[in-house]
Amino acid sequence: MPDTAPINISGLDRIVVRPKREMRLVEKTSDGYVLAEASTTPQLHESFSHDRIRELLQVGAMRIERGWYHEDRAKARLFAGVNSMAQLPPTEQKQIFRRHHYVTEFVRRETSEGSKVKRTDASIAIALKAIDDDFAPTGRCDQPRTVHKRPCARTFRRWLKSYEKHGADPLALRTLHRRCGNQLSNMHPEAIRLLNEHLMLYCDERRRSIKKVHSLLAVAVRDCNRERELRGVSPIDVPAKSTLRARIAALNQFEVYASRHGIPAARAKFAANSGGLDVDRPLQHVQIDEWRIQLHTIVEGLGIGADFTEKDRIALRKERLYACVVIDVATRCVVGMRLSRKSDTPNAIATLAMTVIDKTDIAKASGCLSDWPMHGPAHVMSPDAGANFIDEEFRARLADLKCTYENAPAGLSHLRGHIERVFGTAHTNLIEEFPGRSFSNVVDKGAYKAEDRAAALSADVPKIFVRWVVDHYHHTPHVGLCGETPYCAWQRLTQKFGVDPSPNRDQRREIFGVELERVLDQNGVRVQGLFYQSEEMQRWRRQLGDTKVRVRVDENDIGYVSVWLGDDWITVPSVRTIVRGVHLDTWLESVRDLRRRFAEGAKMYEHIVDESIRAIAKMADDAMRRVAIDRTSPTAAELDQTETGLLLGFQIEDDADDADDDHGDGGILGRGIPVANSTPPTDPTGQHRPTKARDDDYGLDD
């Protein structure tokens with residue numbers, strides 16, 4: 001039967017809610033309590049039901065210390081110098097409770113027997129003797145017994161007074177022995193100086209023993225005494241070896257060990273294995289690292305090496321891939337993964353970009369049965385000291401995501417143990433979960449030429465890794481999660497804590513987009529053969545004239561670009577709605593297809609281009625492009641080269657235009673994409689978009 005008893009809390013109780021929220025009782029109701037944080041002004045109130053309090057107490061997230069704010073209890077803590085009995089050693093606890101036994105028994109007898117027990121010396125002595133007689137220890141005669149001396153009446157009266165003065169708190173019976181003794185050293189100041197100097201001789205790479213250092217100290221004291229004797233001053237004593245040992249023990253032991261054995265050895269010796277980071281929420285702390293994959297080891301582990309020729313095996317031995325992975329510490333979920341033939345910053349940035357998008361479409365494109373919804377901006381990211389992760393471009397993206405960068409020093413793998421263990425799990429389990437038949441299409445001699453099979457295998461690796469992460473790793477009970485799967489941990493913790501909002505489409509373009517420099521004229525800006533136009537951009541042009549502007553483009557959606565206008569990025573749509581949501585590769589392949597199908601000079605209408613884009617998009621694997629090998633974002637130089645080659649002179653006519661249109665010949669190598677006299681585009685999302693501009697709309701000659 002579940003526990004449904006109400007939890008009693010008084011106004012004098014101290015309530016601490018994890019991590020360190022100290023709260024006070026404000027109001028009690030039949031359903032629970034209203035508590036307020038004691039350290040905030042104005043006080044912040046929060047309601048706690050009895051069930052919630054019971055749950056918090058059970059998991060250790062709430063601490064209630066009864067009577068903490070009582071005046072007498074506060075005096076008792078001040079008198080004892082500690083807050084609880086648990087802070088005292090067992091010997092002192094036994095001593096306190098022996099006194100507590102005498103005091104409580106005397107008070108009980110005083111209350112029950114009335115006039116027979118009084119607080120005179122004679123009556124106290126009789127009562128204490130009676131207490132000893134009633135509670136005399138019994139047992140076998142061959143067993144040792146500890147017998148304590150009975151206190152005298154005067155001592156007992158002091159105990160009783162302190163006990164009653166401090167609210168009957170046992171802490172009030174603590175002895176004052178801790179205050180005894182001379183707190184000041186009786187060592188001569190000159191001896192102290194020599195002792196401190198020789199402490200440094202122990203903290204030396206020559207690693208002298210304490211015995212050796214003490215002998216050197218004795219020599220120094222004797223030399224000092226000879227000098228003092230010449231000055232007619234009394235000699236000083238040599239500090240004892242135990243004193244030297246105690247002073248060494250009081251030093252910072254990390255610094256002592258580092259000075260004797262070196263800093264790397266000290267780090268290894270004093271590295272704390274705390275059982276993990278103190279992380280409660282999803283994406284509170286993530287770790288990123290890179291893992292080198294050798295394809296020939298995968299082939300041999302699968303037992304399909306015999307199906308490859310000697311030439312193939314030589315090619316496989318040279319083929320090395322790099323998997324960049326981001327893992328969430330709280331849930332152990334993989335929130336980003338990219339594979340590349342190069343270990344470079346663009347691959348790290350592309351992996352970082354994956355962490356803020358839902359990757360379910362990537363999972364489905366890889367043939368996964370499960371989804372991959374883990375995404376969001378991290379609060380803290382811990383990479384290693386690799387060049388990819390300390391690069392300014394990578395750190396700039398982190399800063400834009402408002403993510404704190406915590407670099408783990410090189411060689412200290414225990415500071416990023418979670419990501420290291422994921423790599424170890426992948427290395428041992430990946431081959432087991434995906435046997436040779438997963439690669440049967442690769443080694444099939446009828447499907448590929450012998451010299452092409454190594455390349456085909458490397459092309460399949462991203463899908464294999466995605467399947468392993470999404471379907472196997474995320475749904476396997478994890479030891480670090482007490483048997484819970486990473487997927488279930490993500491679902492549970494995100495329902496409890498939620499996640500911070502990811503950057504929207506425009507923010508992702510501004511953070512991760514490729515930056516170009518383009519000329520702003522009456523047609524707007526031209527990127528990859530498409531014009532982008534907005535009224536706000538033309539107002540800027542009217543002030544400065546035709547000028548160059550910074551433009552950022554996202555390869556995943558070329559329907560919009562971001563343009564820098566002095567103090568902020570603005571989103572500018574393409575004048576052609578057919579490219580909204582279209583991937584750059586799909587657009588370029590469509591242009592290549594149209595150039596192959598139509599003769600040069602043929603007029604290209606919008607509906608023809610739209611049909612080509614849809615056909616290419618069906619054949620293209622857009623989702624897997626995001627994790628395909630060497631599919632990092634294109635550089636500005638590559639985009640410029642494409643524009644001066646494939647897209648030079650390419651234009652699209654509105655469907656309403658015909659061959660006799662006044663705007664020129666309209667051929668493929670004709671003028672740029674027209675802007676004037678075009679119909680304003682419609683946005684399927686229902687959001688307002690700037691219309692295409694007419695030359696006479698702006699009131700100034702261009």
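Tutor: Keep in mind that this is a predicted model. We can begin with the cores.

Student: OK. How many residues has the largest nonpolar core, and which have the most contacts inside it?

Tutor: The largest nonpolar core has 47 residues. Met 337, Leu 339, Trp 372, Met 381, Phe 394 and Phe 512 have the most contacts inside it. There is also a second, separate core of 29 residues, with Trp 587, Val 591, Ile 608 and Ile 613 among them.

Student: Switching to Val 380. Where does that lie?

Tutor: Val 380 is in strand β9, which covers residues 380–382.

Student: Is Val 380 buried or exposed?

Tutor: Buried. Its relative accessible area is 16%, and Val 380 counts as buried because that is under 20%.

Student: And what does Val 380 touch, leaving out residues up to four places away in sequence?

Tutor: Val 380 touches Gln 284, His 285, Val 286, Cys 403, Thr 404 and Glu 406. Take Gln 284: in sequence, Val 380 and Gln 284 are 96 residues apart, yet their C-alpha atoms are 6.2 Å apart in space.

Student: Now helices. How do the axes of α3 and α5 cross?

Tutor: The axes of α3 (residues 90–113) and α5 (residues 153–165) come within 10 Å and cross at roughly 80°. α3 is therefore roughly perpendicular to α5.

Student: Which residues make that contact?

Tutor: From α3 they are Arg 99, His 100, Tyr 102, Val 103, Thr 104, Phe 106 and Val 107. From α5 they are Phe 156, Trp 159, Leu 160 and Tyr 163. By type, eight are nonpolar, two polar and one charged.

Student: Why do residues three or four places apart in a helix point the same way?

Tutor: An α-helix has 3.6 residues a turn, so residues with that spacing point the same way.

Student: Back to α3, then. How many residues has it, and which are buried?

Tutor: α3 has 24 residues and reaches 34 Å from first C-alpha to last, close to the 34 Å expected. Its buried residues include Glu 92, Ile 96, Glu 105 and Arg 109. Their cover includes α4 (121–134) and α5.

Student: Last one. What comes just after α3?

Tutor: Gly 114, with a positive phi of about 65°. After α5 comes Gly 167, whose phi is positive, near 70°.

Terms used
Residues are numbered from 1 along each chain as its sequence is written. This is a predicted model: local features need pLDDT of at least 70, side-chain atom pairs count only at pLDDT 80 or more; totals for chains, interfaces and linings use all residues. Side-chain values use heavy atoms; hydrogens and water are left out. Axes are lines fitted to C-alpha atoms, for helices over the stretch in contact, and angles run from 0 to 180 degrees between N-to-C directions. Helices (H or I, at least four residues) and strands (E, at least two) are DSSP runs, numbered from the N terminus. Angles under 35 degrees count as roughly parallel, over 145 as roughly antiparallel, 65 to 115 as roughly perpendicular and the rest as oblique. Contact means heavy atoms within 4.5 Å. Ala, Val, Leu, Ile, Met, Phe, Trp, Tyr, Cys and Pro count as nonpolar, Asp, Glu, Lys and Arg as charged, and the others, Gly among them, as polar. The expected span of a helix is 1.5 Å times one less than its number of residues. Buried means under 20% relative accessible area, exposed over 50%, partly exposed in between (1.4 Å probe, protein chains only). A nonpolar core is a set of buried Ala, Val, Leu, Ile, Met, Phe, Trp, Tyr and Cys residues joined through side-chain atoms within 4.5 Å.
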